[in-house]
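Here is a friendly walk through the model shown below. Keep the structure open beside the text and look up each residue as it comes along.

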Amino acid sequence: MAPQNEEFRVQVEGIDLTIAAETRRILVEWLGIDPATEQKQIDREALRLQQMTEDAADQFEQAAPPATDATYQDAVRAKETAWRAAREMVLENELYPQVTPEIRAAQEEFEVGLDQRIKERREAARAAQDPDRWRTRNVRPNPTAGRVVERVWVSKPGWFLSLAEALIAQRIEDNQPVPMTSRDRLADELAELIEDEMRRNPPQDPDLPF
């Protein structure tokens with residue numbers, strides 16, 4: 001590895017975690033930078049913000065009046081306070097304004113359109129009474145379904161509960177019976193359907209809801 005590349009890597013590894021995370025979030029989620037091909041661009045921007053924060057923190061510390069009776073802990077706290085204030089100022093002035101009002105408006109328009117398409121698919125599936133739409137959770141959220149699942153299958157893993165809630169919501173939409181307790185025979189029948197779906201399409205982590 002070339003010396004300059006090694007120096008750059010060391011600098012990147014020393015970047016404040018908040019600065020690194022926020023830089024990646026803004027550049028990837030809002031500005032469309034692909035981390036698979038443009039990671040160096042993300043790192044360079046985070047390094048720029050890191051250096052600006054360091055300069056601002058030094059200025060804040062120098063501007064603070066010295067305390068004659070300050071302890072070591074006081075000095076550490078003052079340094080941390082200066083760093084947090086500098087980091088907030090740099091992110092607010094240098095990073096967040098990169099998300100322009102036009103970008104925000106476009107993102108909001110996209111999200112509204114996406115929500116509308118999801119709603120249309122759900123309505124189409126409901127109108128067709130697709131008996132398997134719960135498998136893709138293509139049903140409208142229903143608070144009653146959530147309460148039924150909590151009462152009947154409280155000890156099941158997250159993915160099971162997510163599918164169960166979709167199945168119960170579908171059955172409510174279709175005016176079909178739902179189990180009332182864990183001892184209900186219907187609860188066992190529906191659990192078999194859910195476990196079959198989990199076997200056919202196993203999640204990476206069954207404890208996660210999606």
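## Where H2 meets H3

On the H2 side, Ile19, Ala20, Thr23, Arg24, Leu27 and Val28 meet a set of H3 residues made up of Pro35, Gln39, Gln41, Ile42, Glu45, Ala46, Leu49, Gln50 and Thr53. Contact here means heavy atoms within 4.5 Å. Sorted by class, the residues of this H2 and H3 contact are 8 nonpolar, 5 polar and 2 charged. In this sorting, Ala, Val, Leu, Ile, Met, Phe, Trp, Tyr, Cys and Pro count as nonpolar, Asp, Glu, Lys and Arg as charged, and the others, Gly among them, as polar.

This is a predicted model, in which local features need pLDDT of at least 70 and side-chain atom pairs count only at pLDDT 80 or more, while totals for chains, interfaces and linings use all residues. Residues are numbered from 1 along each chain as its sequence is written, and side-chain values use heavy atoms, with hydrogens and water left out.

How do the two helices cross? The axes of H2 (residues 17-30) and H3 (residues 35-63) come within 9 Å and cross at roughly 130°. Axes are lines fitted to C-alpha atoms, for helices over the stretch in contact, and angles run from 0 to 180 degrees between N-to-C directions. H2 and H3 are therefore oblique to each other; angles under 35 degrees count as roughly parallel, over 145 as roughly antiparallel, 65 to 115 as roughly perpendicular and the rest as oblique. The crossing of H2 and H3 is right-handed, a label used if the near helix is turned clockwise from the far one by less than a right angle, with anticlockwise giving left-handed.

## Ile19, a buried residue of H2

Is Ile19 buried or exposed? Ile19 is in helix H2, and it counts as buried because its relative accessibility is 0%. Buried means under 20% relative accessible area, exposed over 50%, and partly exposed in between (1.4 Å probe, protein chains only).

Leaving out residues up to four places away in sequence, Ile19 touches Ala46, Leu49, Gln50, Thr53, Trp83 and Arg87. Ile19 and Leu95 are 76 residues apart along the chain, yet their C-alpha atoms are separated by 9.5 Å.

## Where H3 meets H4

The next pair is H3 with helix H4 (residues 72-95), whose axes come within 8 Å and cross at roughly 130°. H3 and H4 are therefore oblique to each other, and H3 passes H4 in a right-handed crossing. On the H3 side, the contact is made by Arg48, Leu49, Gln50, Met52, Thr53, Glu54, Ala56, Ala57, Phe60 and Glu61, while H4 brings Lys79, Ala82, Trp83, Ala85, Ala86, Arg87, Met89, Val90, Leu91, Glu94 and Leu95. By class, this contact of H3 with H4 has 13 nonpolar, 2 polar and 6 charged residues.

## Two nonpolar cores

Which residues touch the most other members of the largest nonpolar core? Trp153, Phe160, Ile168 and Ile194 do, in a core of 22 residues. A nonpolar core is a set of buried Ala, Val, Leu, Ile, Met, Phe, Trp, Tyr and Cys residues joined through side-chain atoms within 4.5 Å. Helices H6 (143-152), H7 (158-173) and H8 (185-200) each supply at least two residues of this core, and H7 gives the most, with 8 residues.

Ile194 touches Trp134, Phe160, Leu163, Ala164 and Leu167, not counting residues up to four places away in sequence.

## Loops and an exposed proline

Arg137 sits in the loop between helix H5 (101-128) and H6 and is partly exposed, with a relative accessible area of 31%. Asn175 is in the loop between H7 and H8 and counts as exposed at 72% relative accessibility.

Pro143 is found in helix H6 and is exposed, with a relative accessible area of 60%. Pro143 and Glu165 are 22 residues apart in sequence and 9.2 Å apart in space, C-alpha to C-alpha.

## The whole chain

The protein has 8 helices and 0 strands. Helices (H or I, at least four residues) and strands (E, at least two) are DSSP runs, numbered from the N terminus. Of its 210 residues, 30% count as buried. Among contacts between residues at least 6 apart in sequence, 67% join residues at least 24 apart.
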